[in-house]
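The following exercises are meant to be worked through with the structure in view. Each task is followed by a solution in steps.

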Amino acid sequence: MSNNIESVLSEDRVFDPSEEFSANAHVKSLEEYEALHKRSIEDTEGFWAEQAGDLKWQDQWDQVLDWSDAPFAKWFVGGKINAAENCLDRHVEAGNGDKIAIHWVGEPGDTRDVTYAELLEDTCKFANAMKSRGISAGDRVLIYMPMVPEAAVAMLACARIGAVHSVVFGGFSAQSIVDRLGDSEATAVITADGGWRRGGVVPLKKNVDDALAKYDGVKTVFVLKRCENDVEMQDGRDYWWYEETADASADCPAEGFDAEHPLYILYTSGSTGKPKGILHTTGGYLTYTNSTFKYIFDHKPDSDIYWCTADVGWVTGHSYIVYGPMANGATQVMYEGAPNFPDWDRFWEIVAKYKVTTFYTAPTAIRAFIKAGDEHVDKHDLSSLRLLGTVGEPINPEAWMWYRDKIGGGRCPIVDTWWQTETGGIMISPIPGAIPTKPGTATRPFFGIDAAIFDESGNPCGPNEGGKLVIRKPWPSMLRTIYKDPERFKETYWNEYGDTIYIAGDGARTDADGNFWIVGRLDDVLNVSGHRLGTAEVESALVSHDDVAESAVVGRPHEIKGQGVVAFVTLKGGVDATDDLKKELRNHVGTEIGAIAKPDEILFADRLPKTRSGKIMRRLLKEIVAGGEVKGDTTTLEDHEVVAQLKEEFDKAVHS
Ligand code: WTA
């Protein structure tokens, strides 16, 4: 991948949108983008007030932004709004109740089309079911679901009654559920018996049971029947979704909540300790996801069929499956299973069947498709596509070009969208009818976003100088805090350049045309297949195993996943370093966190390289796994030989 960094630096291919695309786009030229962006920075509050006007407010706000207690922002102060009403009722009331909201495809091949009217009815019934089990505004509800329409219903039902959802990705383990329940103090869980993945059933309810054996604050569990696998139902705690909703009323008035009422908590990895609970609130978040969806996906409600392949367990699923598209009244595809089940053409079969126009996926998936071979793509007619998107990690120019040529037929603009769980919505991305694209750059900031690159002393870097990516103005969907930890919020994002400069944690540079090139995380956060993973999290999972004395985890370039996980482990005295133990440790990490965190490589070491004060020298470990010479200064090492030894170990392991 280091070659890709080289090619990124010298990339000079530029692709303008076609005249036809621009002529029909919401924003039609670079000049128009630049004028609008300029205005949105000069009068940010005016711009967002206008954007918020697209939504239905039950009470008008009296102040667009209160930044007096920076970095704690309040948007649309005094306004009252219901997110579910904006995503559902508004469209039904406008006469679009029969419009398909979701073309759903189950992994085994079953399908369902759900209209906006049906989604509204299901949401109201489920919201009433939750109410009758005593769940009310402000309560935290953990959602652990497969990719079925009811996942969106569960989220929207929470939003409707003001309960705060916290979705946990279905690939995370029981232990991850325990950690998130403990931090959010959730009192209810919404899950399913199972979900289909690569022909097998993921035992979601069983994982919830295992978690609840270790956490006793949950009073109510709703269980959707999806796979008909056997599950245990605990009397007085567990209830079947279909039974609870059978007689529930479809009338559930959408109460207006304060614009700053919490909408959800989503846990994401940081550089230290356990995942942190990113808190998003209602009015600003919905305004931002509504506008970015409209402009960045150039959404046309009457003709577009949109498909985002993310899972609702990640922020991409929150903002660009549920809230953004549904606030826009979009028709979208939702798919339950794996991209390669039963074969590698599954996605393209779905694109052809539903005539998808707008397709949003991750670079990891694109690289996996390239590897699987073009024949899978060639089988299907992809001519309905008009716009492509990527998210989650830097995209290498080869993958970008393949995506453009092979999937987009050379005619579809690609929006490479940079953003984070914390930002709530897309921050840097081409506006596709207006901004010329280049492989590897997310191009320009969205309206109202004042992005910059700062050097160590807080001065803006010049073109092509690498530095830290910062945002200099607040924006409506910014995280409001880390749940229950305002100090950590301040320290993590606002510490270096003052209380009003948001530090993203990514390294980046701009080119002479003002395009932003994101290089990657500057902290100890890995990006594995587009998923964030803290090295500290994996390390603490490893040392929680009885045989492990110490561990250090670093990332290394990986052809498909972007980054792979390498763990250096020292064992306790008397424990044998066997291949079986390696396997056991990988599985242990799977149990503690989830399959995505399993190290690609575990290396046993007698010692880890440390400074005289006892700090593990990660920089050296990174150099070892990067495969080149270890150039770092080792003079401060207790034992110089350790590095040579580890390097030999690593070379042996990767070449065996
Ligand atoms: C990385 C996902 C380069 C980045 C929405 C960021 C990207 C982290 C891009 C956030 C992109 C995301 N180009 N890098 N287009 N998109 N990233 O919170 O390092 O899961 O900080 O949010 O992913 O990951 P998260």
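## Aromatic rings

In this predicted model, one aromatic cluster is formed by Tyr33, Phe47, Trp48, Tyr288, Tyr295, Phe446 and Phe447.

**Exercise 1.** Determine how many aromatic pairs there are, and classify the pair of tryptophan 57 and tryptophan 61.

*Solution.* 
- Step 1. The count comes to 46 aromatic pairs.
- Step 2. For tryptophan 57 and tryptophan 61, the ring centres are 5.0 Å apart and the planes stand at 70°.
- Step 3. Planes over 60 degrees apart count as edge-to-face; the pair of tryptophan 57 and tryptophan 61 is accordingly edge-to-face.
- Step 4. Both tryptophan 57 and tryptophan 61 are buried.

**Exercise 2.** Classify the pair of phenylalanine 72 and phenylalanine 489, and state which parts of the chain the pair ties together.

*Solution.* 
- Step 1. The planes of phenylalanine 72 and phenylalanine 489 meet at 45°, with the centres 5.2 Å apart, so this pair is tilted.
- Step 2. Phenylalanine 72 belongs to strand S2 (residues 72–77) and phenylalanine 489 to helix H17 (residues 486–493), so the pair ties together parts 417 residues apart in sequence.
- Step 3. Phenylalanine 72 has 23% relative accessibility and counts as partly exposed, whereas phenylalanine 489, at 0%, is buried.

## Charged side chains

**Exercise 3.** Where in the chain do arginine 346 and glutamate 349 lie, and where do aspartate 450 and arginine 472 lie?

*Solution.* 
- Step 1. Arginine 346 and glutamate 349 are both in helix H13 (residues 346–354), 3 residues apart, which is about one turn of the helix. Their salt bridge has its closest N and O atoms 3.8 Å apart.
- Step 2. Aspartate 450 and arginine 472 form a salt bridge with closest N and O atoms 3.1 Å apart.
- Step 3. Aspartate 450 is in the loop between strand S20 (414–417) and S21, and arginine 472 is in the loop between S22 and strand S23 (481–482), so the pair ties together parts 22 residues apart in sequence.
- Step 4. Aspartate 450 is buried, with a relative accessible area of 15%; arginine 472 is partly exposed, with 32%.

## An open sheet

**Exercise 4.** Give the order of the strands in the open sheet and explain why one side of S21 and of S25 is left without a neighbour.

*Solution.* 
- Step 1. The open sheet has 4 strands, in the order S21-S22-S24-S25, with antiparallel pairing.
- Step 2. Strands S21 (451–454) and S25 (516–521) stand at the edges with a single partner strand each, so one side of each has no neighbour in the sheet.
- Step 3. From one strand to the next, the twist averages 45°.
- Step 4. Strands S22 (residues 467–471) and S24 (residues 502–510) are joined by 4 bridges. Lysine 468 has glycine 507 in S24 as its bridge partner.

Note on methods. Residues numbered from 1 in each chain as written. Predicted model: local features only at pLDDT ≥ 70, side-chain atom pairs only at ≥ 80, totals over all residues. Heavy atoms only, no water. Pairing = 2+ DSSP bridges. Helix = DSSP H or I, 4+ residues; strand = E, 2+ residues; numbered from the N terminus. Axes fitted to C-alpha atoms, helices over the stretch in contact; angles between N-to-C directions. Salt bridge = Lys/Arg side-chain N within 4 Å of Asp/Glu carboxyl O. Buried < 20%, exposed > 50% of the residue type's maximum accessible area, 1.4 Å probe, protein only. Phe/Tyr/Trp six-rings, centres within 6.5 Å; stacked < 30°, edge-to-face > 60°.
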